[in-house]
Every structure is written in C-alpha cells, then in structure tokens.
Amino acid sequence: MANNSSIRGTSPDPRARRTRALLRAAVLDLSSEKDLDSITMSDIAQRAEVNRATVYLHYKDREDLLLDATESTMEGVVEAARACRLSVDTHALPDTTPTHLIELFARVDRHRAVYRQMLGEDGSARCATRLEHLLAQAWFEQLTAEDPSPSRATAHRVRAHFLSGAVLAVVGRWTRGEFDGAGGDGNGMSVAEVADLTWTLVRGRG
C-alpha cells in the first residue's frame, strides 16, 4: 500500500492527480451533508465513483484524506492572511478594513460547510490545528519581515498564534450562524460585517 504522504501532490502521473482531485471533491461535497466524523471511506469512494481499494492507494487513512481535502480549501485563506498587513496601511484610512481580510472571510464563505464542520465541537482537531499553524506561520513571517530584531521573535510568535486562534474562533462561530447581522435580523453577519469587526478587534479598538 502506498503511503500518501510521499506521493500527494508530487506524482507525475496525471491519472493519480485526477483521482486525488475526485476524492477531495467528494469529501467537500459530503461535508455539506453530514459531519466530517461521520464520513466514511466507503461514502467517499461511492461519491467519487471509485472502488474503496483505490482510495487506499492514495491515502493511508480517512484522516489523511480529510486533511488533504480541507487543506485544498485552506490555501486561498492562508494567502489572504499572508497578504493582510497587521500594521495600518498609511495609504488607507485608519479604520479601513484591509481588502485581504475581507478576502479571507470571502474564501471561508465559499466553503462554509467545510469550516463549519471542521471548527465545530465534533470537527476535526487535526484539520483545525493545521489551519491554525498555517495562519500563525503566515502572520509570524509578516511580523518578522517588518521587525526582524531577534529580541522580538518570541513576541511575534505569540501575537501570530493569538491572532490565528482568535480568527479561527470567529470563523467557527460565524460559519455556524451564531452572530447576528446588522440590525439583528437573524440573517447572520455578512462577509464585510465580520471582516470589519474582526479588524476592529485586531487593532484593539473593540
């Protein structure tokens, strides 16, 4: 049995890449219908229209496949975080929410069911931890680039993880519809609303 960690994303075989893409898509599709924990390898194989043995040729276990599928939605979120400057842009109005933070929440919204499941009480701790690490690393690199002093490294790392954890807490509850939108109409916060409030808190003005 092939170990997926050695072949994922690196195989030159286009058939293998297509199969993994089908399996990732099947997981994302199923995540809109049921809890991540309840999705079985058989469910995934059936949705992807492959046999169960084929799944194990590409992934060592269900968690490995879930992580790969959810990671496929994380790239855009992490890149938006990396581009979102934590310091105030001197060319923008002081309270203007960075467009990249809005983009971060917009990308989450495109896969709302995945994030609702992944960050819920019965979600995948492995996937959530992976996303927290990726976001924190992106922000740590940004903070270090702005202030590379070795004496600030620990402070940068603490701030990066603090922000990452806080943003994921907001994302989890937002995708579960736990925040009212403007006017408390029961429709939930829009992408722009949740980004604006998050930026206010990041800047310590909440």
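Which residues line the largest cavity? The lining consists of Cys84, Leu86, Leu101, Trp139, Val167, Trp199 and Val202. The model is predicted, with local features requiring pLDDT of at least 70 and side-chain atom pairs pLDDT 80 or more, while totals for chains, interfaces and linings use all residues. Residues are numbered from 1 along each chain as its sequence is written, and side-chain values use heavy atoms, without hydrogens and water.

**Cavity**

The structure holds one cavity of 30 Å³ or more. A cavity here is a set of points, on a 1 Å grid over the protein atoms alone, where a 1.4 Å probe fits but cannot get out; lining residues have an atom within 4 Å of a point. Grid points are joined across faces, edges and corners, and the volume is the space filled by probe spheres set on the points. The largest cavity contains about 40 Å³ of space. By class, its lining has seven nonpolar, no polar and no charged residues. In this scheme Ala, Val, Leu, Ile, Met, Phe, Trp, Tyr, Cys and Pro are nonpolar, Asp, Glu, Lys and Arg are charged, and the others, Gly among them, are polar.

**Chain overview**

The protein chain has nine helices and zero strands, as DSSP runs numbered from the N terminus (helices: H or I, at least four residues; strands: E, at least two). Of the 206 residues in the protein chain, 39% are buried. Buried means under 20% relative accessible area, exposed over 50%, and partly exposed in between, with a 1.4 Å probe and protein chains only. Contacts (heavy atoms within 4.5 Å) are also counted by sequence separation: among those in the protein chain with a separation of 6 or more, 67% involve residues 24 or more positions apart.

Rings of Phe, Tyr and Trp (its six-membered ring) pair if their centres lie within 6.5 Å; planes under 30 degrees apart are stacked, over 60 edge-to-face, and the rest tilted. The count comes to one aromatic pair. The ring centres of phenylalanine 105 and tryptophan 174 are 5.5 Å apart and the planes stand at 85 degrees, so the pair is edge-to-face. Phenylalanine 105 belongs to helix H5 (residues 99-110) and tryptophan 174 to helix H8 (residues 153-175), so the pair ties together parts 69 residues apart in sequence. Both phenylalanine 105 and tryptophan 174 are buried.

Threonine 175 is also found in helix H8. Not counting residues up to four places away in sequence, threonine 175 touches Val108, Arg112, Tyr115 and Arg116.

**Polar contacts and accessibility**

Glutamine 117 is in helix H6 (residues 112-118). Beyond its neighbours within four places in sequence, glutamine 117 contacts Ser31, Lys34, Asp35, Leu36, Gly123 and Ser124. The table gives two polar contacts, each listed from a side-chain polar atom to a backbone oxygen. A polar contact is a pair of N or O atoms within 3.5 Å; within protein, one must be able to donate a hydrogen and the other to accept it, and residues adjacent in sequence count only if both atoms are side-chain atoms.

| Side chain | Relative accessibility | Backbone oxygen and distance |
|---|---|---|
| glutamine 117 | 13%, buried | lysine 34, 3.3 Å |
| threonine 175 | 3%, buried | glycine 172, 3.0 Å |

**Glutamate 49**

Glutamate 49 is in the loop between helix H2 (41-48) and helix H3 (52-58). At 73% relative accessibility, glutamate 49 counts as exposed. Most residues other than glycine have a negative phi. Glutamate 49 has a positive phi of about 60 degrees although it is not a glycine.

Methods. On a 1 Å grid over the protein atoms alone, a cavity is a set of points where a 1.4 Å probe fits but cannot get out, and a pocket is an open set with protein on both sides within 12 Å along at least five of seven lines; lining residues have an atom within 4 Å of a point.
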